[in-house]
Structure formats: structure tokens, C-alpha cells
Amino acid sequence: MRRRSAATLASSGDVLGLIRSGEAVTRADIGRVTGLSRPAVALRVGELLEHGLVVENTEGPSTGGRPPARLAFNAAGGVVLVASLGAGRTQIAMCDLAGRELARTELEIDVERGPDVVLPLLMDHWDGLLGDRPMASVRGVGMGVPATVEFAAGRTESARVMASWTGVVIPPIVSARFPVPVFVDNDVNVIAMGEYRTAYAPDVDDLLFVKVSTRIGAGVIAGGGILRGALGAAGEIGHIPVRDGGGVLCRCGNIDCVDSVASGTAILRDLRARGREVSSLADVVTLVRAGDAETMAVVRRAGRLLGEVVASAVNLLNPAVVVLGGDVTETFQPLVSAVREVVHRRSTALSTRSLRVERTRLGPAAGIVGCALMVIDHILAPEVVDASMRSAATVGAEQRGQGALQSVRGGYR
């Protein structure tokens, strides 16, 4: 175990990080790793125990005599409320502090109805999931929304797409009812992070997640973290134009964006134009399974057009893995095969030398996991844990001072 300098790792928040990672699970481990004295270790562990962030037991292995108390992160010490919004379906869940799902429900609602309708419904469902749990158990809220998001402000920016959400700063609206930190990001960013952290980390550092559903978007993992760009607009590949798109007007106002020619919405439109009676992707699945030539041609064309854009992204970003998710890619293998073929044909030899193009491993669960991790990574960051403890200590001291003053006043009566 590598010894670290006490000057660089001395706070309770840092110690919590060691316990969460498993790098230090006893007081002796913490002392060896950090260089902290036994009283200093005892102080920090005591703070973490008092705040319910760690638990201890004496069932650890012993080399003789009394076994050392083992420390473990207390994932049950609170919950986070999360929601992964889609164009027509929203997943809502409550997770523990390790990101594990405790309760979940789905809401069928068109996000275009706007925040005044959607957000109150979300919060009502969170209340239902909480049940008898006290509000104090909620440590944070995380949301993924199908719009461009200025992450630092939690503000949605979609002038033509989700127009009723444009300029809406979501965190203050939610925190008025749930007074905890609230984080909002683009839906594909949180899905990408959930997929990456659960299925690929730490073996892969760079990943491109492409969601193909009602709309098309991408999340970029670079160096193990989300690449958001200067303001949060990175990953908007749905509005990159393709060649030979047929002159289709995109909802953003441009022509032949890949979103307008290769998404689930585009596939349904093109099949209807060819005389196929399809009302949903389930109908398309039925036609694909029946071997309908016209349907297969439409699906493969969508895959080739999408492959053009993904190939450009591969040349630019050089990911180790391209993960294809969303309703369309989870359903249509011909589309996935077409994307893979075009990417390997049109990307550079070096960028595709060891590139894998594969379907999502988590499926719909990735959005919930990613939202939970977005919150947990913040609220359990060492500096945030330390600040929370200082704040709690200040409040405690003020309350004790007020109690003492009342006692003194009472003595003069």
C-alpha cells in the first residue's frame, strides 16, 4: 500500500474516499496510507461515523487477538432522486448512495408539454417513491433531459427543439420542493456515463455513446469523464448534415441533419411514405422479422447515414469503443451492422485499428445509473463532504450556544 503525504490527504472527505474505494478499510490502513497520527485518524473516522457516511464492524480477519474494526461506506445513509427524460417516456427512480436502484417507475409524457407540466409530475412521483422516508434522507437530485444543457447553470438551451424549455433554469424549481443539490445534464451525457462506469471503466478511458431513438444524440467520454465543451453543447451529432439525405427539413431549421434522416421518427416517416402501415417501432420490428425487403432497405439506409456521422466523430475523437443505444439500435441489428460497416470503411486506419462498435450493455437502465452517479460524484467529493461537516459543526455550536444562553436566562427568573 503506497504511503501518501498527510499534507495532501488529511481531511475527513479524503478518508471517506479511501474507504469507498476499498484502499483503506481499517484505522490502521488509513494511518499507513495517509501518514496521519492515530488521534487524527480517530477524529476523522468519528466524524464520518457521526454523519452516517461510514459504518464499522469487528468481523474482519485477525492475525491474533481481537480483530480490527473494519470500516465500510454506508450506502444506506441517504438517497438520491433521479429522472432520465426522453421525448415520450421518462424513467424516475430513487437510488442509494452507491447508485443502486431502490425504487423505480415510468411516466409516459410528451416533454414538449413544457416544464410547468413535466417538473411537477416528476416531483410528485419522487414523493411517491420516498414513501415514509424523511425528506432529510434525500441528499441530491439528478436529471437528464433531451435538450442542450448549460451544465454549470442547469439551464436548458433549445431554441427550436423543446422550445418551451428554452432558458429554463431547472435546479431552483426543483430545490424549492427538495432543498438539496440539483444537477441537470443532457440525457445522452448521463446515459453515456452510466454505461461507461458500469460496463467499461476502468479498462477504457475514451468512449462514444450514440443514442438512436425518437432523436439522435451522443455523449463523449474522454479520459474517463464527460466531455461537455465550453458551455455544454458537445455531443450534438444529431444536427450534423449528411450527404444524399434527400433534402429533409430538420426540426432545428437546417437540411438533412442525421436526426432528420436516420432517427426512429425518420424511419417511421419513410416507411409510411412507402405504403407501410406503421405507428410505432414495434410495427417496424414485426416487418423486419418478417423479412420485409422495403423495411430492411429503409433501416439499412438509416444505418449508413448514421455511420457517416459516427465515422467523422471517430476520426475526430479516436474512442476505444462506440456504443450504440436507444430504442432503434437495441431493436434493429441491420442498422447496427450498417453503422459498423461504414465506420470501418470511412474512418482512418489508426482510429479503427482496435475500435469496437457494439450495442449498449445496460440498455434503458444506463440513464438512471448515470443520473445517480452525477449526483453522488458531487455530494461525496472530499471538499463537499468537508464543507458539509463544517456547516453541521457550526449549526451545532450555534444551537448549543443558544441552549446555554436560555439556561442562564432561566437562572435569573
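Mentor: Start with contact: heavy atoms within 4.5 Å. Leaving aside neighbours within four places in sequence, Ile-216 is in contact with Val-210, Lys-211, Ile-237, Gly-238, Val-258, Asp-259, Ala-262, Ser-263 and Leu-306. This is a predicted model, where local features need pLDDT of at least 70, side-chain atom pairs count only at pLDDT 80 or more, and totals for chains, interfaces and linings use all residues. Residues are numbered from 1 along each chain as its sequence is written, and side-chain values use heavy atoms, with hydrogens and water left out.

Trainee: Is Ile-216 buried or exposed?

Mentor: Buried means under 20% relative accessible area, exposed over 50%, partly exposed in between (1.4 Å probe, protein chains only). Ile-216 has 6% relative accessibility, so it counts as buried.

Trainee: Which residues have the most contacts inside the largest nonpolar core?

Mentor: A nonpolar core is a set of buried Ala, Val, Leu, Ile, Met, Phe, Trp, Tyr and Cys residues joined through side-chain atoms within 4.5 Å. The largest has 40 residues; Val-210, Val-284, Leu-306, Val-310, Val-322, Phe-332 and Leu-335 have the most contacts inside it. Helix H10 gives the most to this core, with 10 residues.

Trainee: At what angle do H9 and H10 pack?

Mentor: Axes are lines fitted to C-alpha atoms, for helices over the stretch in contact, and angles run from 0 to 180 degrees between N-to-C directions. H9 (residues 281-289) and H10 (residues 293-317) pack at about 115°, with axes 8 Å apart. Val-284, Leu-287 and Val-288 in H9 meet Thr-295, Met-296 and Val-299 in H10.

Notes
Helix = DSSP H or I, 4+ residues; strand = E, 2+ residues; numbered from the N terminus.
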